[in-house]
Amino acid sequence: MKENLFIYPSKIEDYYRKFGLNSLLKKIFFKMMSPFFIYYETITFSRELSLTQKEITPKIKVDIGTLLPQDLKSLKKMTKKQDSVNTKLQSGEICFVAKHNEKIIGYMWAALGPQIVNYVPERVYLAKSEAYIHAAKVAPDYRGKGIFPAILNYICSSLKEKGYHKIIAKVYSDNAASIKSFLKAGFLTIEKVKHLGLFFDKKVFYTIKPIKNN
Ligand SMILES: CC(C)(COP(=O)(O)OP(=O)(O)OC[C@H]1O[C@@H](n2cnc3c(N)ncnc32)[C@H](O)[C@@H]1OP(=O)(O)O)[C@@H](O)C(=O)NCCC(=O)NCCS
């Protein structure tokens, strides 16, 4: 497995995963640090693909499928970091797209296990039958119409057909729209992770709290 990580953030991350920090020390440390560093929280979502899916019908007609070579230009137009499209395709990721009147209006990427995915916000260890979905967007004019939950639903059935058992995703906890979409598509919240971004590396985190009820 390939691991493109800076050595220190990964060691700190492993330390916190294993031992955590004494809560008083932690409070003092992070209170002192908070004016200087980026602080944020993520929620981990997961979906067991053996569970039954309910149907989701968006408010407008959309065709959902995987990216076709002729749609690459249109996808790049919607994406801020255009180079990242090529990088993801080269590393074997699948891009799922939603089209309305032949035009791409939404997309999401899936990285397939086994591998360690190393995107902001966190490192994710994927087993052979697991996939990590990320980097989703619905064009502003089409938001609030149930397109993202429909894309998520399509990804679940498509990856289930390919033999995958589980899908994992990470969402910033202030992204209410995205959280709503994941819940609509039957994903469960697994854990909350608090991060302290050190310098320009956003991957250092300091607590993981399991979420019991959904
Ligand atoms: C997050 C995102 C993909 C959701 O897509 P979507 O197709 O609009 O999802 P939904 O239709 O389920 O709407 C989700 C919620 O967005 C909110 N919403 C409704 N209309 C909206 C609009 N015009 N603009 C923004 N948000 C809106 C509502 O709270 C809605 O929930 P509700 O339908 O229960 O009221 C989309 O907002 C987006 O592209 N955001 C920017 C990129 C991003 O955050 N990506 C997610 C990374 S995980």
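Student: How many residues surround the ligand, and which are the closest?

Tutor: This is a predicted model, in which local features need pLDDT of at least 70 and side-chain atom pairs count only at pLDDT 80 or more, while totals for chains, interfaces and linings use all residues. Residues are numbered from 1 along each chain as its sequence is written.

The ligand is surrounded by 17 residues, and the closest are Arg 143, Gly 144, Ile 147, Phe 148 and Ala 177. A residue belongs to this shell if its C-beta atom, placed from the backbone, lies within 6 Å of the molecule. By type, the shell divides into 7 nonpolar, 5 polar and 5 charged residues. Here Ala, Val, Leu, Ile, Met, Phe, Trp, Tyr, Cys and Pro count as nonpolar, Asp, Glu, Lys and Arg as charged, and the others, Gly among them, as polar.

At least two shell residues come from each of strand S7 (130–138), helix H5 (147–161) and helix H6 (176–184). H6 gives the most, with 5 residues. Helices (H or I, at least four residues) and strands (E, at least two) are DSSP runs, numbered from the N terminus. The chain has 6 helices and 10 strands.

Now take S7 and its partners. Strand S4 (residues 103–112) runs antiparallel to S7, and 6 bridges join them; two strands pair if DSSP finds at least two bridges between them. In this pairing, Trp 109 stands opposite His 134 of S7. Strand S8 (residues 166–172) pairs with S7 in the parallel sense, over 4 bridges, and there Ala 131 is opposite Ile 167 of S8. From S7 the chain crosses through H5 to S8, a β-α-β crossover that is right-handed: with the strands pointing away from the viewer, the path from the first strand over the helix to the second runs clockwise.

Ala 136 counts as partly exposed because it has 19 C-beta neighbours inside 10 Å; a residue is buried with 20 or more other C-beta atoms, placed from the backbone, within 10 Å of its own, exposed with 12 or fewer, and partly exposed in between. Leaving out residues up to four places away in sequence, Ala 136 touches Tyr 107, Met 108 and Phe 148, where contact is having C-beta atoms, placed from the backbone, within 7 Å. Ala 136 and Tyr 107 are 29 residues apart in sequence, yet 5.5 Å apart in space, C-alpha to C-alpha. Phe 148 is also among the closest residues to the ligand.

Conventions
Two residues are in contact if their C-beta atoms, placed from the backbone, lie within 7 Å.
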